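Please consult it alongside the sequence and the coordinates.

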Amino acid sequence: MRIVLGWTLVDEGKNSRAREVFNDMGESAYFGALGQLQIAKLESRLGNHDAARAAFDIVETSGVAPQEYTLARARFEASSGDREAAIARLQSVISNNGRADIGPAGDYLRRLEDGKRLPRLSEKAQAARALTEPAFGFFVRNNSADGAETFLRFARWIDPDYDQSALWLGGLIEETHPDMGEEMRQDVLALYQSIDERSSYYVNARMSKANLYFDKEDDEQALVILEDLAESHPSYFTREVLGRARFFRENWEGALP
């Protein structure tokens with residue numbers, strides 16, 4: 001709740017008070033680091049580069065919210081005139097992730113390489129991101145699926161356009177309801193389907209949708225999704241996923257290419 005309060009204060013122009021709120025996130029090391037990530041984002045917005053770097057460094061050493069840290073620091077570096085550092089940071093993350101250049105990191109990298117600006121996020125977008133991260137970064141790790149679901153649904157209520165919360169909510173429901181009925185399955189499919197082709201999370205959403213069909217033993221429909229995805233979004237990652245799907249179904253001739 002302090003995360004939401006902090007970004008509400010930023011929206012009202014009460015930056016000093018917001019800074020106090022983010023600096024007082026309780027005794028939890030996890031949420032303390034998450035608060036410092038909000039400080040880093042706030043100082044970046046205000047042009048306080050040294051304070052932003054100091055807060056980013058705290059988050060980096062904590063290991064908390066690695067994806068959101070990377071994206072936020074890349075936005076900071078690009079906006080403060082160090083575009084090359086942002087590009088190198090994103091390239092390193094993609095390389096360490098098995099060359100999977102999908103998702104927001106790949107989207108950011110392509111924008112920078114094309115000479116475009118990275119997005120400037122609204123206060124509600126920042127709050128939604130800060131609420132989404134603890135779902136798996138804290139609650140699932142501490143065996144609290146209810147806490148994770150609460151945060152994800154709250155994040156979607158604050159910013160329905162933040163697709164990662166939809167993707168993670170669908171995944172959480174699948175994980176906690178392995179024997180879900182058809183009505184719940186349709187709800188999860190609707191979450192994945194809500195992520196359109198313009199989104200950085202589109203490829204992930206389509207793969208998640210395919211996995212739902214595989215779980216239902218509707219392999220034909222799942223493979224159609226992966227084949228369309230490999231054709232519309234050709235990459236090392238989408239080709240490998242399609243190849244593995246064919247391989248595990250003993251379609252050697254289709255998997256080999």
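The points below are grouped by topic, after a short note on conventions.

The model is predicted, so local features need pLDDT of at least 70 and side-chain atom pairs count only at pLDDT 80 or more, while totals for chains, interfaces and linings use all residues. Residues are numbered from 1 along each chain as its sequence is written, and side-chain values use heavy atoms, with hydrogens and water left out.

**Helix packing**

- Helices (H or I, at least four residues) are DSSP runs, numbered from the N terminus.
- The axes of helix H3 (residues 29-46) and helix H8 (residues 123-140) come within 11 Å and cross at roughly 155 degrees; axes are lines fitted to C-alpha atoms, for helices over the stretch in contact, and angles run from 0 to 180 degrees between N-to-C directions.
- H3 and H8 are therefore roughly antiparallel to each other, a label applied to angles over 145 degrees.
- The crossing of H3 past H8 is right-handed, a term for a near helix turned clockwise from the far one by less than a right angle.

**Salt bridges**

- Side chains of opposite charge can pair when their charged atoms come close.
- A salt bridge is a side-chain nitrogen of Lys or Arg within 4 Å of a carboxyl oxygen of Asp or Glu, and by this rule the count comes to 19 salt bridges.
- Arg-2 and Asp-24 meet in a salt bridge through their side chains, at 3.7 Å from N to O. This pair links distant parts of the chain, with Arg-2 in helix H1 (residues 2-11) and Asp-24 in the loop between helix H2 (15-23) and H3, 22 residues apart.
- A salt bridge also joins Glu-43 to Arg-19, with the closest N and O atoms 2.7 Å apart. Glu-43 lies in helix H3 and Arg-19 in helix H2, so the pair ties together parts that are 24 residues apart in sequence.
- Arg-153 forms a salt bridge with Glu-149, where the closest N and O atoms are 2.9 Å apart. Both residues lie in helix H9 (residues 145-158), 4 residues apart, about one turn of the helix.
- A network of salt bridges links Lys-41, Glu-68 and Arg-75.

**Exposure of the paired residues**

- Buried means under 20% relative accessible area, exposed means over 50%, and partly exposed lies in between (1.4 Å probe, protein chains only).
- Arg-2 is partly exposed at 32% relative accessibility, and Asp-24 is partly exposed at 45%.
- Glu-43 is buried, with a relative accessible area of 6%, whereas Arg-19 is partly exposed at 22%.
- Arg-153 is partly exposed at 43%, and Glu-149 is partly exposed at 25%.

**Nonpolar surface patch**

- Phe-247, Phe-248 and Trp-252 make a nonpolar surface patch of about 390 Å². Such a patch is made of residues with over 30% relative accessible area and no salt bridge, nonpolar side chains (Val, Leu, Ile, Met, Phe, Trp, Tyr) being joined within 5 Å; accessible areas come from the Shrake-Rupley method with a 1.4 Å probe.
- Phe-248 is placed in helix H14 (residues 236-248) and is exposed, with a relative accessible area of 57%.

**Contacts across the sequence**

- Gln-36 is found in helix H3 and is buried, with a relative accessible area of 14%. Its C-alpha atom is separated by 6.7 Å from that of Asn-23, 13 residues apart along the chain.
- Gln-67 lies in helix H5 (residues 66-79) and is partly exposed at 37%. The C-alpha atoms of Gln-67 and Glu-133, 66 residues apart along the chain, are separated by 9.0 Å.

Definitions and conventions: Patch = residues over 30% accessible without salt bridge, like charges linked within 9 Å, V, L, I, M, F, W, Y side chains within 5 Å. Helix = DSSP H or I, 4+ residues; strand = E, 2+ residues; numbered from the N terminus. Parallel < 35°, antiparallel > 145°, perpendicular 65-115°, else oblique.
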